Amino acid sequence: MNSVSFGGSTTKRRSRGGMSRNAGSDVKAAYLFIAPAVIGFLVFVGYPLIRSFYLALTKYNGLTDPVFVGLGNFRRLFTTDPAFWPALRATGYLVLLYVPLSLVLGLALAMFCNQRFAGVRIVRTLAYLPVVLPAVATITLWKFILDPQVGLLNTILDRLGLPTSLWLQGPSTSMPSVVMVMLWGVGGTMIIFLAALQAVPTELYEAARVDGAGPWSVFFRITLPMISPIVLLQVILQTTAALQTFNQPKILTNGGPGFSTKVLMLSIYENGFPTLGRIPQLGYASAQVWVLFIIIIAVIALTAKFSSLWTYSDSTSD
Amino acid sequence: MTALQTEPTLAGATQSVPPAKKKPRLVGTTAWYVVALFICAVMVVPLLWMITIGLKSRTAVFDIPPKLLPHEWTWSNFINGRRRSTSRNCC
């Protein structure tokens with residue numbers, strides 16, 4: 001596929017031949033070994049998946065038996081529900097804001113932490129620290145920090161003579177603030193990029209240095225192509241996670257002000273598990289879950305379809 | 001983790017290949033550590049803030065403007081928090 005070849009085609013052919021020789025006798029044992037995982041998957045993933053699809057076609061409050069309504073939930077979702085389109089818009093805004101920033105910052109941080117300098121381990125550890133802390137505690141903390149009156153951030157900005165902001169309480173700044181809190185956990189992205197950077201063969205950098213390549217052309221012609229499969233992985237993982245964001249909007253704003261941060265997951269949660277006194281609409285929430293599920297599948301399928309245009313595939317690596 | 005690979009030279013960060021000129025290296029190193037300090041601060045200051053909030057009394061948390069260190073150091077939050085989380089009928 002690519003012009004770069006390390007003579008991998010022969011090794012590949014040989015190993016494939018070895019596989020087929022042993023494959024027949026090991027099939028039964030293999031099925032036995034994967035049985036626990038498959039049974040667990042069917043019971044804990046397969047059944048709930050089918051059950052939620054059935055519930056999506058019913059009216060169900062969690063107490064009495066579900067009543068079959070066909071596609072009524074979906075019709076209500078797309079035509080009459082005033083909260084659905086704003087929720088979809090908020091989710092899209094969050095994804096478009098979070099995913100690129102997370103990738104760029106994560107890669108920049110990884111490149112920074114991939115250098116040799118005294119104290120690099122400290123920087124690496126601290127950058128990863130937010131990821132290992134309990135999410136609810138740190139998000140509550142950020143709610144304090146971003147408070148317009150008593151918050152730390154506005155105080156610091158004020159002391160420095162910089163303009164302050166309403167952060168979570170302003171209709172236009174609420175979503176960027178939520179994304180900012182999410183980006184505090186960019187260490188998770190960083191650690192995967194760091195592993196990818198360290199897997200790039202050193203010879204390529206040495207060759208580039210001999211050829212007199214500058215830092216920018218080294219980055220765009222060696223580093224970026226070599227880690228592009230990991231970039232693809234990160235795009236898929238981060239997009240999936242961002243589409244399912246729940247913790248940050250729930251704790252920081254609970255969807256407000258207005259509908260500005262009411263993402264799809266939050267709206268699903270509120271329909272399925274509403275505040276006391278309102279009837280749970282588990283059937284309707286299941287229908288929303290399925291819409292989100294299909295959106296996620298579609299986004300991943302599109303990303304994967306066009307990935308061959310910009311990812312470098314090494315014929316020897318598999 | 002152990003076998004770190006040499007990256008393209010970035011402002012005096014690598015030891016194996018020293019940059020040609022001496023002077024930019026010092027400036028580069030300083031800038032490098034400024035960035036490193038900034039990253040550390042962004043990651044750690046919120047956590048330190050969490051600890052100092054924990055040491056403040058209930059009213060001092062909402063002081064305007066907020067103070068970095070508590071006026072009176074209150075340890076009861078930690079004691080009460082522990083007691084409440086271990087007692088049977090909490091919340």
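What share of the contacts in chain B with a separation of 6 or more comes from residues 24 or more positions apart? The share is 5%, for residues 24 or more positions apart, where a contact means heavy atoms within 4.5 Å. Before we go on, know that this is a predicted model, in which local features need pLDDT of at least 70, side-chain atom pairs count only at pLDDT 80 or more, and totals for chains, interfaces and linings use all residues. Residues are numbered from 1 along each chain as its sequence is written, chains are lettered from A and ligands numbered from 1 in the order in which they are written, and side-chain values use heavy atoms, leaving out hydrogens and water.

**Stop 1: chain B**

Keep chain B selected and color by secondary structure: there are 2 helices and 0 strands. Helices (H or I, at least four residues) and strands (E, at least two) are DSSP runs, numbered from the N terminus. Of its 91 residues, 29% are buried; buried means under 20% relative accessible area, exposed over 50%, and partly exposed in between (1.4 Å probe, protein chains only).

**Stop 2: a pair in chain A**

Now select E270(A) and K262(A). They form a salt bridge, with their closest N and O atoms 2.9 Å apart. The term means a side-chain nitrogen of Lys or Arg within 4 Å of a carboxyl oxygen of Asp or Glu. K262(A) counts as buried because its relative accessibility is 15%, while E270(A), at 23%, is partly exposed.

**Stop 3: helix α1**

Finally, select I34(A), which sits in helix α1 (residues 8-56) of chain A. With a relative accessible area of 44%, I34(A) is partly exposed.
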